[in-house]
Amino acid sequence: QVTPVESGGGLVQPGASLRLSCQASGSTFGISTMAWYRQAPGKQRELVAIITNGEITYADSVKGRFTISRDNAKNTVYLQMNNLRPEDTAVYYCNIGRLGQFTWGRGTQVTVSS
């Protein structure tokens with residue numbers, strides 16, 4: 001079983017940047033998908049960005065501002081978030097797909113406020 005652990009959240013002002021990290025531990029062989037989701041208060045969890053077998057997809061709301069990347073040697077996926085907006089405020093969750101199973105991390109809070 002793989003265990004994702006997120007880090008890097010915090011409180012920032014609009015226009016600032018943050019980088020989230022999600023390191024997978026445990027059984028990491030066979031990881032095919034690494035993704036970031038977010039859930040704002042009162043809203044459904046939504047996909048932010050995903051890397052699947054090398055292909056990358058972003059939500060329209062973050063295109064041009066967020067960048068997802070993966071370090072296979074460290075079993076880590078990153079989310080570089082630039083030009084943050086108040087509407088980016090949410091709990092950000094990492095999701096890892098391995099051998100047909102998908103596992104959630106516990107999440108990290110990102111708050112964008114002046």
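**Salt bridges in close-up**

**View 1. The bridge between D88 and R65.** In this predicted model, D88 and R65 form a salt bridge in which the closest N and O atoms are 2.7 Å apart; a salt bridge here is a side-chain nitrogen of Lys or Arg within 4 Å of a carboxyl oxygen of Asp or Glu. The pair links distant parts of the chain, 23 residues apart, with D88 in the loop between β8 (76–81) and β9 (90–98) and R65 in the loop between β6 (55–58) and β7 (66–71), where strands are DSSP runs of E of at least two residues, numbered from the N terminus. Both D88 and R65 are buried, that is, under 20% relative accessible area, whereas exposed means over 50% and partly exposed lies in between (1.4 Å probe, protein chains only).

**View 2. The bridge between E46 and R38.** The side chains of E46 and R38 meet in a salt bridge, at 2.7 Å from N to O. R38 is buried, with a relative accessible area of 6%, while E46, at 35% relative accessibility, counts as partly exposed. A network of salt bridges links R38, E46, R65 and D88.

**View 3. The bridge between D60 and K63.** The side chains of D60 and K63 form a salt bridge, at 3.1 Å from N to O, and D60 counts as exposed at 65% relative accessibility. A search of the whole structure finds 4 salt bridges.

**Notes to the views.** Residues are numbered from 1 along each chain as its sequence is written, and side-chain values use heavy atoms, with hydrogens and water left out. Because the model is predicted, local features need pLDDT of at least 70 and side-chain atom pairs count only at pLDDT 80 or more, whereas totals for chains, interfaces and linings use all residues.

Methods
Helices (H or I, at least four residues) and strands (E, at least two) are DSSP runs, numbered from the N terminus.
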